[in-house]
Amino acid sequence: MAKSFKEALESGKFVVTAEVGPPKGVEIEEMKHHINLLKDKVDGLNVTDNQSSVMRIGSLPVCKLIKEIGGEPILQMTCRDRNRLALQSELLGAYILGITNVLCLTGDYITVGDHVDAKPVFDLDSALLLQVIKGLEEGKDIAGNELKGNPTFCKGAIVTPEANPIEPQLMKFEKKIKAGAEFIQTQAIYDLDNFKKFMKYARKFNVKIMAGIVLLVSAGMARYMNANVPGIFVPKDLIDEMASAEKGKALAKGVEIAGRMIKTLKDENICDGVHIMAIGKEDKVPDILEAAGIA
Amino acid sequence: MIVAERKPFEDIKAMIEDYNKILVVGCGECVSVCMAGGEKEVQILASQLRLAFEEQGKEIEVDETTLERQCDKEYLEEIKDKIDDYDAIISMACGAGVQFLAEMYNNKSVYPALNTCFIGVAEREGEWSERCRACGDCVLAETGGICPVAICAKGLLNGPCGGTNDGKCELSKEKDCAWTLIYNRLKDLDKLDNIREIFPPKKYSAQTTPGRRIHEAFKEKE
Amino acid sequence: MEGECHFLEGNLRAKMWVTYTKGLLDEIGIEPERLKMFNLSSSMAPQFKEAVEEMIEVAKKLGPTKIQNKAA
């Protein structure tokens, strides 16, 4: 990894990030395999933070592990499990470990996960978390106390371009930018026409936009997401294309579609990069990149 | 009002089955209105307990009374003379009433019959919904009279999370997204500017301390 | 008849409360079948007789409870 994620963002190149999901338990060989496989092919590796409110290894230690292996980690931080003290101290801790890319999220609600009786924290929200980081960079904690030595971070956030209704979502998007977001990774997008409309709006702001690409593994998954995942819309022609795949070839079709979308996004200069979420199929990310012509 | 619901019968019965003489005390305020702990519910619970114990061949005496409210000493004092006739008390008030009753009669075992749920309103007969978390730092002026602390599951102050869909919450298709409601209300009122700026972090100190309020007129003056 | 109560929606409300009360009985270990609501008008004596007989059969089939009527 020659460049830091921040340098990659600022270089104007088409930036690519992928995702590492820490396991539940201490068996990390598979995750290390994925890190090794991806670290030199992408500009950054997001590490999820108790994704879907399911308890796993934390984001920070895995970011450190990526750093040791030679990759560029992006620390995902949700506001679900930590109050403002814990978030700030973890940010300072991340900085001294050399982890300086942070993606700020509100976090899924507790009850969607595997510890439904846990106390939901949500002391801050994603916009406030960004603002807190800006404060730390300026040498002040959220309570206004002086820091002894300021960190600097590359701050990111997310947006859901397919949200319905979209207006409140965009209002929050603008708050995130005001709060200092330098990059935005979007929720999964499949409808490029709609995404172009979003980009026409988003280009007004000084922020790098990376389109979220979630690998489709079957037509059933696409239909499931349409029905159950807020803010994800897979158009009918893509579902039909997935369904048309020969038996046993659906995953390959999904890789082809993801690759094609990334290529279009890059060639038509629609956005600044992509964030590939290959949930459970991380070993397919190199194939997706090859299909996109970014290998 | 404070909205509560009765605990499962089995749980209430298990709390008091080792006693011989029980007094079930209802509350005539909020929990009466929300059909959880008023006079009628006291009658139902006491009847159920009597029937259930008799069916089991157990001799437990269960008496009933309902006070004007249990969050005021003057009403709690009404049972002063008879309280010693009982081994245990079941309070059908909200958590505040149960505690005040237990505090006043601190040599008695006092058991709660209700789970106190929230501060809310009557949507229609028999249905209530949450409106207030008693956070001590009201934001309703900015949010068009819709509370993001109480109605948004995550209590977010800066707009919706990504889980919102078609105006509903990620928790349930039955639950409205507070921020969609807020956005729409402020748009109708032409007050969207209220929520364009980042809302500062919530002052949770207002909620946790001191847990006591003295009316201005009652404060000791120099 | 159901929904055609002299007191407008009275028998629908009664039905709701009867269902609720059956639940209360069930909670304390008394068979909910011991309670049933019949919609009858004042001119339906034969049907009333049938209903009474039906409930007598239910009571006979379930047998006595231990409750001696001093409780409730």
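**Exercise 1.** Which residue just after H3(A) takes a positive phi?

*Solution.* The structure is a predicted model. Just after H3(A) comes Gly70(A), and its phi is positive, at about 105°.

**Exercise 2.** Determine which residues of helix H3 of chain A are buried, and where they lie around the axis.

*Solution.* Begin with the helix itself, which spans residues 59-69. Its buried residues are Ser59(A), Leu60(A), Val62(A), Cys63(A) and Ile66(A). Because these residues cover an arc of only 165° around the axis, they lie on the same side of H3(A). Next, consider what covers them. The covering elements of chain A include strands E1 (15-20), E2 (44-47) and E3 (73-78), together with helices H2 (29-38) and H4 (84-96).

**Exercise 3.** Describe how helices H5 and H6 of chain A pack.

*Solution.* Two packed helices are described by the angle between their axes and the distance between the axes. For H5(A) (residues 126-137) and H6(A) (residues 167-178), the angle is about 10° and the axes are 8 Å apart. Angles under 35 degrees count as roughly parallel, so H5(A) is roughly parallel to H6(A). H5(A) makes the contact through Ser126(A), Ala127(A) and Leu130(A), and H6(A) through Lys172(A), Lys175(A) and Lys176(A). By class, this contact of H5(A) with H6(A) has three charged, two nonpolar and one polar residue.

Methods. Residues numbered from 1 in each chain as written. Chains lettered and ligands numbered in written order. Predicted model: local features only at pLDDT ≥ 70, side-chain atom pairs only at ≥ 80, totals over all residues. Buried ≥ 20, exposed ≤ 12 C-beta atoms within 10 Å, placed from the backbone. Helix = DSSP H or I, 4+ residues; strand = E, 2+ residues; numbered from the N terminus. Arc of directions from axis to C-beta. Contact = placed C-beta atoms within 7 Å. Axes fitted to C-alpha atoms, helices over the stretch in contact; angles between N-to-C directions. Parallel < 35°, antiparallel > 145°, perpendicular 65-115°, else oblique. Nonpolar A, V, L, I, M, F, W, Y, C, P; charged D, E, K, R; others polar.
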